[in-house]
Amino acid sequence: MISKARLRYGFLILVTIAIGLISRKLSFIPLCVGDALWALMIFWMMIFCFPTAKLVRLMLVSLLICFAVEASQLYQAEWINAIRRTLPGRLILGQGFLWSDLWAYAIGVSAGGFVQEKVINKTAE
C-alpha cells in the first residue's frame, strides 16, 4: 500500500507537471518559469523516491540531476537530437544549453525545499 506521504508527493508531481505544461502554452509567462517548475518536479520526484532522506541531500541531488541534464544538451550527436525532437525528449532532455537555466533550476529546487520545510513539515507535525 502506498503511504500518504507518497500520495502527497505524487499529487505534487502531477500538479507541477500540469502547471509547467500550461506555462509553456501562455506566451506572457517567461520560459524560465517552466524551467524552475521542471526542477521543482525533479525535487518532488526525489522526495517521492526517498521520503526519509535529509532535505539538504534531496535538494543537492535534485540540483545535480537538473545540471547534468542541462549539461547533456551540449552533446549534439544525431541519435540524441532525434530523441530531443520528440515531445517527451524535448520535455525531459531539453533542447539547448542555457546558463540562465541553471539559475531557474536553483530557484525551483530552493522553492521546493522552502515549501517542504516551512509548509509540509509544519503541517505533518
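**Packing of helices α1 and α2**

In this predicted model, R6, Y9, G10, L12, I13, T16, I17, I19, G20, S23 and R24 of helix α1 are in contact (heavy atoms within 4.5 Å) with L31, G34, D35, L37, L40, M41, W44, M45, I47, F48 and C49 of helix α2. By class, this contact comprises 14 nonpolar, five polar and three charged residues, where Ala, Val, Leu, Ile, Met, Phe, Trp, Tyr, Cys and Pro count as nonpolar, Asp, Glu, Lys and Arg as charged, and the others, Gly among them, as polar. The helices, which are DSSP runs (H or I) of at least four residues numbered from the N terminus, span residues 4-25 for α1 and residues 31-49 for α2, and their axes come within 9 Å and cross at roughly 165°. Axes are lines fitted to C-alpha atoms over the stretch in contact, with angles from 0 to 180 degrees between N-to-C directions. Helix α1 is therefore roughly antiparallel to α2, a term used for angles over 145 degrees.

Elsewhere, N81 lies in helix α4 (residues 78-84) and is buried, with a relative accessible area of 14%, buried meaning under 20% with a 1.4 Å probe and protein chains only. Leaving aside neighbours within four places in sequence, N81 is in contact with Y75 and Q76.

The mean pLDDT (the predictor's confidence in each residue, from 0 to 100) of the protein is 94, and 98% of its residues reach 70 or more. Residues are numbered from 1 along each chain as its sequence is written, and side-chain values use heavy atoms, with hydrogens and water left out. Local features need pLDDT of at least 70 and side-chain atom pairs count only at pLDDT 80 or more, whereas totals for chains, interfaces and linings use all residues.

Technical notes:
Helices (H or I, at least four residues) and strands (E, at least two) are DSSP runs, numbered from the N terminus. Angles under 35 degrees count as roughly parallel, over 145 as roughly antiparallel, 65 to 115 as roughly perpendicular and the rest as oblique. Buried means under 20% relative accessible area, exposed over 50%, partly exposed in between (1.4 Å probe, protein chains only).
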